[in-house]
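Dear colleague,

Please find below the structure that I am handing over to you.

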Amino acid sequence: DTSTDEKDPDNNDTSAGFSDVAPSAWYAEAVRFAVGRGLMNGVGNEKFDPEGSMTRAMLVTVLWRDAESPAAGVNRFTDVLNGQWYAPAVTWAAEARIVTGTSASTFDPNGSITREQMAAILYRYASWEGYDTSKRGSLSSFSDAASVSGYAQEPLEWAVAMGLINGSDGKLLPQGSATRAQVSAILMRYLQNVAISNE
């Protein structure tokens, strides 16, 4: 149930406040950052589910929170029901052209966000915020660069240039699902590398 991301985490003695986030985990600092900024929450029962997939609705809701929850207009997606916890965020993101949906009338809110989708959405979000998105990095050093979808080419080049995405074992894994831990790390880099550099 993706709505569990709306629940507040229970406190415990781990550094990030979750029983499944070890203080020594590579993503512990990023989880603390994302939770401390009010961008991400736990999934209940003192857990963050770091290896769980991040859904499309979750990612858009995180950006909506970062944007200070702007008002939404008319929902055009048939698979985003009014009243769902993510409906205002998805509606806002579509109006702001941060997301385009999986078709003219669908968004696939519970679908796992891929790494290239995440890059594209962050790229559009940065543009919406008025940030400079002109920097480009080469994808040629990644062995699977040829598998990047056309729409994600420039966003991934920007994400690599800004240090948001570093790859995994020399691969971008563009169609791979992004985990909650990975998203928390990329969000931290975005707010530190992109937002701060544009202030």
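Is the crossing of α2 and α6 right-handed or left-handed? The crossing of these two helices is right-handed. Please bear in mind throughout that this is a predicted model.

**Helix α2 against helix α6**

The packing angle between α2 and α6 is about 30°, and their axes lie 12 Å apart. Since angles under 35 degrees count as roughly parallel, α2 and α6 are therefore roughly parallel to each other. On the α2 side, the residues that meet α6 are Met-58, Leu-59, Val-62, Leu-63 and Asp-66. Their partners in α6 are Arg-180, Val-183, Leu-187 and Leu-191. By class, seven residues of this contact are nonpolar, two are charged and none is polar. An α-helix has 3.6 residues a turn, so residues three or four places apart point the same way.

**The chain as a whole**

The protein chain holds six helices and zero strands. Read from the N terminus, its elements run α-α-α-α-α-α. The C-alpha atoms occupy a box of roughly 45 × 40 × 35 Å along the principal axes. For 199 residues, a compact globule would have a radius of gyration near 16 Å, and the 16 Å of this chain agrees with that. Buried residues account for 51% of the 199 residues. Of the contacts between residues at least 6 apart in sequence, 73% join residues at least 24 apart.

**Helix α4 against helix α6**

Helix α6 (residues 180–195) also packs with helix α4 (residues 115–128), at an angle of about 30° and with the axes 12 Å apart. That angle makes α4 roughly parallel to α6. The crossing of α4 past α6 is right-handed. From α4, the contact draws on Arg-115, Met-118, Leu-122, Tyr-125 and Ala-126. From α6, it draws on Gln-182, Val-183, Ile-186, Tyr-190 and Val-194. These residues divide into eight nonpolar, one polar and one charged. Val-183 of α6 takes part in the contact with α4 and also in the contact with α2.

One further residue of α6 may be of interest, namely Arg-189. Arg-189 is partly exposed, with a relative accessible area of 23%. Leaving aside neighbours within four places in sequence, Arg-189 touches Gly-163, Leu-164, Asn-166 and Val-194.

**Helix α2 against helix α3**

Helix α2 (residues 56–66) packs with helix α3 (residues 87–95) at an angle of about 80°, with their axes 8 Å apart. At that angle α2 is roughly perpendicular to α3. The residues in contact are Val-60, Thr-61, Leu-63 and Trp-64 of α2 and Pro-88, Ala-89, Val-90, Trp-92 and Ala-93 of α3. This contact has eight nonpolar residues, one polar residue and no charged residue. Leu-63 of α2 is in the contact with α3 and in the contact with α6.

Seven of the nine residues of α3 are buried, so this helix is largely enclosed by the rest of the structure. The buried residues are Ala-87, Ala-89, Val-90, Thr-91, Trp-92, Ala-93 and Ala-94. They pack against α2 and α4. Arg-97, which follows α3, has a positive phi near 60°.

**Helix α5 and Pro-155**

Helix α5 (residues 153–161) contains Pro-155. The buried residues of this helix are Pro-155, Leu-156, Glu-157, Trp-158, Ala-159 and Val-160, and they pack against α4 and α6. Pro-155 has a relative accessible area of 4% and is therefore buried, the cut-off being under 20%. Not counting residues up to four places away in sequence, Pro-155 touches Ala-119, Ala-120 and Tyr-123. The C-alpha atoms of Pro-155 and Glu-116 are 7.9 Å apart, although the two residues are 39 apart along the chain. Just after α5, Gly-163 takes a positive phi of about 75°.

Yours sincerely

Technical notes
Residues are numbered from 1 along each chain as its sequence is written. This is a predicted model: local features need pLDDT of at least 70, side-chain atom pairs count only at pLDDT 80 or more; totals for chains, interfaces and linings use all residues. Side-chain values use heavy atoms; hydrogens and water are left out. Axes are lines fitted to C-alpha atoms, for helices over the stretch in contact, and angles run from 0 to 180 degrees between N-to-C directions. Helices (H or I, at least four residues) and strands (E, at least two) are DSSP runs, numbered from the N terminus. Angles under 35 degrees count as roughly parallel, over 145 as roughly antiparallel, 65 to 115 as roughly perpendicular and the rest as oblique. A crossing is left-handed if the near helix is turned anticlockwise from the far one by less than a right angle, and right-handed if clockwise. Contact means heavy atoms within 4.5 Å. Ala, Val, Leu, Ile, Met, Phe, Trp, Tyr, Cys and Pro count as nonpolar, Asp, Glu, Lys and Arg as charged, and the others, Gly among them, as polar. Buried means under 20% relative accessible area, exposed over 50%, partly exposed in between (1.4 Å probe, protein chains only). The radius of gyration is taken over C-alpha atoms; the globule rule is 2.2 Å times the number of residues to the power 0.38.
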